[in-house]
Structure formats: C-alpha cells, structure tokens
Amino acid sequence: MRNVGVAALSATLVIGGFSAAPLAFGADVAEPVKVPAAEIYRPSAMPDRLILIPTTTPATSQKVTWRAQASAEFAQAQFLVAPRALGAVAPEPGAVTTVAASATESVNTSLGYASTYHTAEFTGLRPGTRYTYRVGDGVNWSEWTDFTTATAGAQPFSFVYFGDAQNYIDSAVPRVFRQAFADRPEARVVVNAGDLINSANSEEEWGQWYAADGFINAQVNNISVPGNHEYSGGLSAFWRPQFPYPDNGPGVEELRDTAYTVDYQGVRFIGLDSNVQSNATLMAAQTTWLEGLLKDNPNKWTVVTFHHPVYSTTGTRNNPNVRNQWGPLLEKYGVDLVLQGHDHSYGRGDQVVNRRSSAVHNGVTYVVSVSGGKMYALNNGENWTGNGAEVRSSSQNTQLYQMVDVAADTIRFEARYANGEHHDGFVIRKNARGERTVNDIRTAENTVGEQVTVDRTSVGHKATVSVSAYGYDPGERVAVYLRTVDRHGEGRARLLDHVRADELGRVVERVRMPAWASRGGTYRFFLDSENQEFTSPVITVTR
C-alpha cells in the first residue's frame with residue numbers, strides 16, 4: 001500500500017477544516033473527476049422530483065407534480081386508500097384509481113436537455129384519510145408513497161417553516177430539512193418563504209433542492225412563495241410547472257401561482273409575492289385581495305408568508321412598500337404569524353405597542369429565518385426599532401428550521417439549529433373572542449423581576465389598584481402579596497389573596513389597598529406562583 005504523507009494530509013485538512021483536494025489511500029490511480037451536473041440531474045422515464053401541492057379543498061383533493069421523460073398521453077398517477085401491505089399483496093379489485101396527468105410542461109435547461117413536469121390531481125377523496133399513490137407512464141413507475149388528506153374541520157396538526165435555502169443546497173441544506181422531518185415526522189405542510197435556490201433557472205440547483213428534501217416533498221404538502229432569486233428577467237421558468245398552486249389569487253396573470261391561499265384544518269395560509277413591491281399595480285392588487293381574505297376569514301388562525309421582511313434584520317435593508325401596505329392590514333385583522341426570509345439570519349418580534357411584559361405581547365408575530373449556509377450579519381434591530389417594533393430573539397451565522405404545532409386554542413412555535421438544538425420559542429393562546437397572548441418560552445430570566453403592571457403608582461388610603469401580569473399557564477394559581485418598601489429595603493410580604501390566571505395566562509385584578517397600608521407608606525405588589533415571581537413598581541399611599 002502506498003504511504004500517504006502526513007504533511008500532505010495535514011495541509012489538506014487545515015483549509016477551512018475540510019479536505020481541499022482528493023486524498024488517495026490506495027494504489028496510484030487517476031484522480032477522481034467531478035461528475036457533470038448534466039449527468040447527475042438528467043431526466044429519464046423514471047419519475048423524480050415528486051412534490052405534493054395543496055388544492056383549495058385539501059380534505060377531498062390533492063395535486064402532485066413530478067418530472068419524467070414521458071409524453072402527455074402516457075403521464076398518469078394511481079392512488080388508493082393506504083393498504084396494510086403491497087408487493088406480494090395485490091390491492092383489492094377496483095381499489096386503485098388511475099388518473100391522467102392534467103398538465104404537462106417542458107422547461108428548457110442550460111444543461112442541454114429539457115425537464116418535463118407533469119401534474120395530476122386526485123379528487124373525490126375522504127377527509128382525514130391516508131392514501132397511497134404512485135406516478136409514471138404506465139410502465140415506469142415511482143415507488144408507492146403515502147399522504148393524508150386534511151380533516152373536514154379544524155383539527156390539530158403541525159407544519160414546518162424554512163427561510164432561504166438558496167446556497168450550499170447540496171451540502172449544508174439537506175441536514176436542516178431532514179432534521180426538521182425527524183423532529184416533526186407527522187407534519188402536514190412545509191412552508192418555504194422564498195429563495196429556494198440561488199439562480200432562478202438553474203436546472204442543477206433545482207435538482208439539488210429536490211434532492212435535499214429526499215422523499216419528504218412527496219408526502220407533505222408544500223406552500224412556497226418566490227424570493228428575489230426565483231426571478232431573473234421574470235419568474236423562474238421552473239416555478240409554475242413545479243408549483244401549480246390554487247388559482248385563487250388577486251386575479252392578475254403575473255401573480256398566478258405566486259399569490260394564493262389555502263385553508264387547512266383551521267388555518268388560513270396566505271402566500272404573497274413581495275418581489276413586485278416596486279410595481280404599484282401589482283402591490284395594490286395584492287393588498288386589496290389580502291384585506292378581503294383577512295376580513296372574511298372563517299378560520300381561527302392566520303399565517304401569512306412572503307419573502308421580503310416587514311422589519312429587516314440585516315444591513316440597511318428596508319422594505320417600506322411591504323411594511324406600509326401590508327403591515328397595517330396584518331395588525332388590523334390580527335394575523336397570528338408572518339413568516340419571511342431574505343435576510344439570511346434569524347429575527348423574531350412584534351410591534352412595541354403590543355408589549356405586555358418582557359416575555360408577552362398580544363400582537364402579530366413577525367419571523368425571519370434562514371435554512372441555507374449563506375449568512376448575513378445582524379443590524380442590531382435598527383429596522384425594527386426605527387419603525388415601532390422590537391426584536392425578542394435573534395441569531396446570526398446559524399441555520400435553522402421552525403416547527404409549528406397548531407391546536408384548538410394554541411400555536412406552539414419553536415426554532416432549532418441545524419444540529420437540533422433549541423434556539424427560540426413561544427406559545428400563542430387565543431380565546432373564543434379572538435383575544436390572544438404570545439408568550440415566550442419560559443427562561444430563568446423572564447420568570448422573575450418587575451413585570452407586574454399597575455394603573456397608578458400613587459393611591460389614596462384603601463383605594464383600589466388595577467394589577468395585571470402575564471405569562472402564566474391557563475388556570476395557574478397565583479398568590480398576591482403586598483410588601484413594604486422603605487429606605488432599609490423591602491419588608492415582609494403579606495398575603496392579600498389567591499387568584500387564577502385566565503385562559504390566556506393573564507392575571508388582571510382590582511386589588512383594594514389594605515387598611516394596614518399606612519398613609520405616606522411605599523409598597524410593592526408581589527405575585528408568586530409555581531412558575532413565576534413578579535413584582536410591581538413602587539406604589540405610594542397618599543395622605
């Protein structure tokens with residue numbers, strides 16, 4: 001066996017911590033050469049790039065698109081209610097339904113061949129039912145893959161949200177996508193907030209993007225909006241053949257498949273195209289359409305996604321047309337989550353006017369995230385604070401994925417790094433009246449301190465004070481104390497009452513100052529519970 005020089009080995013490992021040149025561990029042979037992209041991603045009659053696309057009726061229908069060298073006459077799909085076994089166990093007679101592809105479209109690529117995409121739609125499905133399907137040309141078939149239809153009404157489910165993949169799609173992105181799936185294997189929807197790839201019409205990069213997700217796209221509905229990198233002299237030629245979304249947008253051809261809406265198990269998902277923010281006509285069309293969807297919304301929860309952030313997290317970026325036209329509607333109609341990309345970093349926050357404590361607000365939650373390996377530095381929240389908003393969590397030089405768990409009265413949101421470690425999280429609680437609180441996941445820092453709000457800090461003897469605090473579990477028992485404060489410090493706390501937090505985790509009480517609170521004395525309220533220890537500002541009892 002030929003020796004490999006230790007010095008040579010070390011040299012290759014020093015560069016960025018990775019091997020910068022091929023290392024031979026056997027006999028003298030020709031060095032490997034890079035496999036051409038045209039060879040890696042060349043289509044054949046065997047279907048690939050399968051992806052589920054939601055319809056306007058996800059409880060009873062489902063679209064799937066795929067790529068294959070098959071003519072429109074032969075492109076087809078088959079489906080059946082998911083059986084206990086296949087292979088040697090043949091489906092019952094009549095169990096399999098075959099449908100012809102409803103659309104076939106070829107995209108000329110820079111790699112010297114065309115990629116042909118097909119779309120099939122399954123209809124007449126049963127709500128909340130697991131199905132098995134495959135696609136092909138009648139001879140060359142994909143493997144059988146399962147999906148589950150939405151329920152007919154609101155039911156708990158999970159979805160995953162990704163910011164920009166865009167760069168290092170074949171190397172750094174796959175572990176993010178796959179870790180997200182490992183953490184939420186039953187997720188029903190994946191939301192991509194734009195810039196799935198870097199070069200709008202790159203066959204190679206689209207191939208990398210599909211490969212990064214592996215089989216996941218084939219069994220989970222995909223809700224994606226285009227970013228600026230899906231545009232190059234117009235929308236990517238790949239976008240519409242791959243993503244034939246519901247044709248229920250603003251009614252403008254330029255926005256077909258880039259602005260659309262899907263109602264899924266109690267959540268209204270709205271996708272917008274922020275790439276046209278400099279086009280007054282297209283922005284006005286989307287703004288009018290958006291308000292109509294928000295004003296007449298039978299769903300308890302609303303999630304809006306687009307690429308360019310309302311509040312930018314990096315550099316001097318600024319999207320005033322997005323902020324000024326869409327921002328007021330998002331706030332007015334109480335959108336729950338606004339999921340964005342573009343800034344290659346993480347930022348999460350809200351408008352300052354909605355702050356209720358250091359860990360709780362009751363407004364719209366805006367999130368920016370990144371899943372790919374290209375990073376930008378944070379801007380210290382300047383675009384947030386300069387426009388009446390605040391950053392509650394941020395991160396740079398990190399790849400992330402977000403898991404969102406929807407239930408009847410709560411949405412739980414968690415952002416994790418590519419290695420599965422926790423970064424950020426919060427819980428939205430909403431009652432039947434549409435009131436809500438957005439509660440940061442508890443930490444040692446946000447469960448103590450001066451976080452009790454009072455309506456006055458100077459009160460008369462035996463007067464009543466409005467006391468409020470947030471961040472409790474619904475129904476959590478809270479002890480209300482009053483503590484003397486003087487120049488020597490704080491005295492003994494005396495119990496006034498026990499109260500229960502409401503369904504949103506709020507304690508809002510009218511508390512009468514006790515007779516023993518002397519005129520001229522100074523006091524603090526102290527609220528103690530299993531999870532939190534909060535105090536109020538100092539209150540002076542006037543003469």
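This is a predicted model: local features need pLDDT of at least 70, side-chain atom pairs count only at pLDDT 80 or more; totals for chains, interfaces and linings use all residues.
1. Now for the largest pocket, which has a volume of about 270 Å³. Here 14 residues form the lining, and Asp 146, Thr 148, Pro 185, Glu 186 and Gln 219 are the closest to the centre. Which strand gives the most to this lining? That is β8, covering residues 145–148, with three residues.

2. The make-up of the largest pocket is worth a look as you turn the model. Seven of its lining residues are nonpolar, four are charged and three are polar. The lining also draws on two domains: domain 1 (28–152) and domain 2 (161–440) each provide at least three residues.

3. How many cavities of 30 Å³ or more are there? The count comes to one, and the largest cavity has a volume of about 70 Å³.

4. Two elements deserve a mention for the largest cavity: strand β9 (157–162) and helix α3 (173–183) each supply at least two residues of its lining. Of the elements involved, α3 gives the most, with three residues. In terms of residue class, the cavity lining has eight nonpolar and two charged residues, with no polar ones.

5. Stepping back to the whole chain, the domain assignment gives three entries to keep in mind: domain 1 (28–152), domain 2 (161–440) and domain 3 (449–541). Between domain 2 and domain 3, the contact takes 13 residues from domain 2 and ten residues from domain 3. The C-alpha centres of domain 2 and domain 3 lie 40 Å apart.

6. An unreviewed UniProt entry annotates residues 47–149 as "domain: Purple acid phosphatase N-terminal". In the model, that span is 47% strand and 0% helix, and its end C-alpha atoms lie 23 Å apart.

7. The unreviewed UniProt entry also places the feature "domain: Calcineurin-like phosphoesterase" at residues 169–346. For residues 169–346, the model has 31% helix and 16% strand, with the end C-alpha atoms 19 Å apart.

8. Finally, a word on confidence. The protein chain averages a pLDDT of 95, and 95% of the residues score at least 70. Where does pLDDT stay under 50? This happens over residues 1–15, for which the model has 15 contacts beyond four places in sequence.

Notes: Residues are numbered from 1 along each chain as its sequence is written. Side-chain values use heavy atoms; hydrogens and water are left out. On a 1 Å grid over the protein atoms alone, a cavity is a set of points where a 1.4 Å probe fits but cannot get out, and a pocket is an open set with protein on both sides within 12 Å along at least five of seven lines; lining residues have an atom within 4 Å of a point. Grid points are joined across faces, edges and corners, and a volume is the space filled by probe spheres set on the points. Helices (H or I, at least four residues) and strands (E, at least two) are DSSP runs, numbered from the N terminus. Ala, Val, Leu, Ile, Met, Phe, Trp, Tyr, Cys and Pro count as nonpolar, Asp, Glu, Lys and Arg as charged, and the others, Gly among them, as polar. Domain bounds come from an automatic or database domain assignment. pLDDT is the predictor's confidence in each residue, from 0 to 100. Contact means heavy atoms within 4.5 Å. UniProt positions are given in the numbering used here, feature names are shortened, and annotations may be inferred rather than shown by experiment.
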